[in-house]
Amino acid sequence: MTLALLDRTRCPDAAPDEEAVDRHAAPEKAPDAATRRALGREADGLAVASFVLGLVGLLVFNIVLGPTAIVMALLALVRHTRRRGRAFLGLALGVADLVVLGVLVTANGTVAWSLGG
């Protein structure tokens, strides 16, 4: 039995706790192929972006780019990207960004890079 929400425009005097059965409603359809492709491309884009941000984060702005890469990689994995390897690399690079940040803060006592010794 399919239960549907009350249609308030047709039954304005219906009680809010009543459950209405709409026998004429069309069954819910699964997303069409175009929607699935668009979601897949979005997830693939998130995987690539997490990889790039994690890689760039090793050099600059690791305090911002590291967590961003981690979040984007996790979103890509949750959305079932076809580029799982790239998403895992983005996740690993994001974690590496935070490790580099921790090492820099411990060694220098600052969040800035110091290449000149």
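Biologist: What share of the 117 residues in the protein chain is buried?
Modeller: This is a predicted model, and a residue counts as buried when its relative accessible area is under 20%. Of the 117 residues in the protein chain, the buried ones make up 22%.

Biologist: Which pattern does the protein chain follow when read along the sequence?
Modeller: The protein chain has 3 helices and 0 strands. Read from one end of the sequence to the other, the protein chain therefore gives a pattern built from helices, since helices and strands are the DSSP runs that are numbered. That pattern is α-α-α.

Biologist: Is Ser50 buried or exposed?
Modeller: Ser50 lies in helix H1, which covers residues 33–57. Leaving aside residues up to four places away in sequence, Ser50 touches Ala69, Met72, Ala73, Arg86, Ala87 and Gly90. Because its relative accessible area is 0%, which falls under the 20% limit, Ser50 is buried.

Biologist: Which side chain of opposite charge is nearest to Asp97?
Modeller: Asp97 sits in helix H3, made up of residues 84–108, and is buried yet has no salt bridge. A salt bridge would need a side-chain nitrogen of Lys or Arg within 4 Å of a carboxyl oxygen, whereas the nearest side chain of opposite charge is 15 Å away. That side chain belongs to Arg86.

Biologist: Which residues does Asp97 touch, not counting residues up to four places away in sequence?
Modeller: A touch here requires heavy atoms within 4.5 Å. With the residues up to four places away in sequence set aside, the partners of Asp97 are Leu53, Gly54, Gly57, Leu58, Asn62, Leu65 and Gly66.

Conventions: Residues numbered from 1 in each chain as written. Predicted model: local features only at pLDDT ≥ 70, side-chain atom pairs only at ≥ 80, totals over all residues. Heavy atoms only, no water. Helix = DSSP H or I, 4+ residues; strand = E, 2+ residues; numbered from the N terminus. Buried < 20%, exposed > 50% of the residue type's maximum accessible area, 1.4 Å probe, protein only. Lys, Arg positive; Asp, Glu negative; His and termini not counted.
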